[in-house]
Amino acid sequence: MGKQKTYRKILEYSRNIFFEVGYSKVSMDELVNEIGMSKATLYRYYRSKEELFEAVVDDFFDEIEEEIRHILNTDLPSDAIIQEFISSISKRLSTIDPNAAYDIEKSAPSLFKKFLERRKITILDNLVNILEKGKNEGFYRSDISSVIVANIILASIDQLTKKEFVINNEVSYRDIFTSVIGVVIDGYRLR
């Protein structure tokens, strides 16, 4: 197996496990058993579980950003682009089990903080660009800053994706993301 294929295999299996069960509940032994390789081989690629998790997060958001770039490079109007953006982000984030996210937050707070920072950058930068494009096309209000609207969306998502809210209200990350953006964008849209 080529080096690039091995990287992909490690990242894909590790992402599934980390995003399904969390960080503390996964050992490197379990990862190598799931991936089907020796521990020595895994350590040739990643020196620690922390380094592997960081690579998983980077790969996850790199894929999201690539998908968003593809969406942004279409000839769709901004109103359709925002719907594609919502669909893409919510689909991707819904692959993370809320209990796994909570485990990562509690057992590896510095890694969770990096995850949230990467999510913030990915969502904010792209959302601001989409909203600005929509203003230029006459879809959205020009009297309200796109940066403020994007930050309102992100702050709402941050609050609503906390474990207590998700579990107590039996909602998915997809439900939260779609609802927040839908409600905020509806108020931002020109009538």
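Analyst: What follows sets computed values against the definitions behind the terms. This is a predicted model, in which local features need pLDDT of at least 70 and side-chain atom pairs count only at pLDDT 80 or more, while totals for chains, interfaces and linings use all residues. Residues are numbered from 1 along each chain as its sequence is written, and side-chain values use heavy atoms, with hydrogens and water left out.

User: How many helices and strands does the chain have, and what makes a stretch count as one or the other?

Analyst: Helices (H or I, at least four residues) and strands (E, at least two) are DSSP runs, numbered from the N terminus. The chain has 10 helices and 0 strands, and its pattern along the sequence is α-α-α-α-α-α-α-α-α-α. The C-alpha atoms fill a box of roughly 60 × 40 × 25 Å along the principal axes.

User: Why is threonine 122 called buried?

Analyst: Buried means under 20% relative accessible area, exposed over 50%, and partly exposed in between (1.4 Å probe, protein chains only). Threonine 122 has 0% relative accessibility and therefore counts as buried. This residue belongs to helix 7 (residues 109-136). In the chain as a whole, buried residues make up 43% of the 191 residues.

User: What makes the pairing of threonine 122 with the side chain of glutamate 65 a polar contact?

Analyst: A polar contact is a pair of N or O atoms within 3.5 Å; within protein, one must be able to donate a hydrogen and the other to accept it, and residues adjacent in sequence count only if both atoms are side-chain atoms. The side chains of threonine 122 and glutamate 65 make such a contact at 2.9 Å. A polar atom of the threonine 122 side chain also lies 2.9 Å from the backbone oxygen of arginine 118. Contact in general means heavy atoms within 4.5 Å. Not counting residues up to four places away in sequence, threonine 122 touches Phe61, Ile64, Glu65 and Ile68.

User: Is serine 146 buried or exposed, and which side chains make polar contacts with the side chain of serine 146?

Analyst: Serine 146 counts as buried because its relative accessibility is 1%. It lies in helix 8 (residues 146-160). Its side chain makes a polar contact of 2.7 Å with the side chain of glutamate 132, and another of 3.0 Å with that of tyrosine 188. Apart from neighbours within four places in sequence, serine 146 is in contact with Val128, Leu131, Glu132, Lys135 and Tyr188.

User: Why are helix 1 and helix 6 called roughly perpendicular?

Analyst: Axes are lines fitted to C-alpha atoms, for helices over the stretch in contact, and angles run from 0 to 180 degrees between N-to-C directions. Angles under 35 degrees count as roughly parallel, over 145 as roughly antiparallel, 65 to 115 as roughly perpendicular and the rest as oblique. Helix 1 (residues 3-21) and helix 6 (residues 98-107) pack at about 90 degrees with axes 5 Å apart, and the two are therefore roughly perpendicular. The contact is made by Phe18, Phe19, Glu20 and Val21 of helix 1 and Ala100, Asp103 and Ile104 of helix 6.

User: How do you know that helix 1 and helix 4 are roughly perpendicular to each other?

Analyst: The axes of helix 1 and helix 4 cross at roughly 95 degrees and come within 9 Å. The two helices are therefore roughly perpendicular to each other.

User: How do you know that the span of helix 1 agrees with its number of residues?

Analyst: The expected span of a helix is 1.5 Å times one less than its number of residues. Helix 1 has 19 residues and should span 27 Å; its end C-alpha atoms are 27 Å apart, which agrees. Its buried residues are Thr6, Ile10, Leu11, Ser14, Arg15, Ile17, Phe18 and Phe19. Glycine 22, which follows helix 1, has a positive phi near 115 degrees.

User: Why is lysine 163 called partly exposed, and why is glutamate 170 called exposed?

Analyst: Lysine 163 has a relative accessible area of 24% and is therefore partly exposed. Lysine 163 is in helix 9 (residues 163-169) and, leaving aside neighbours within four places in sequence, is in contact with Asn99 and Tyr102. Glutamate 170 is exposed because its relative accessible area is 73%. Glutamate 170 is found in the loop between helix 9 and helix 10 (173-188), and its phi is near 50 degrees, a positive value in a residue other than glycine.
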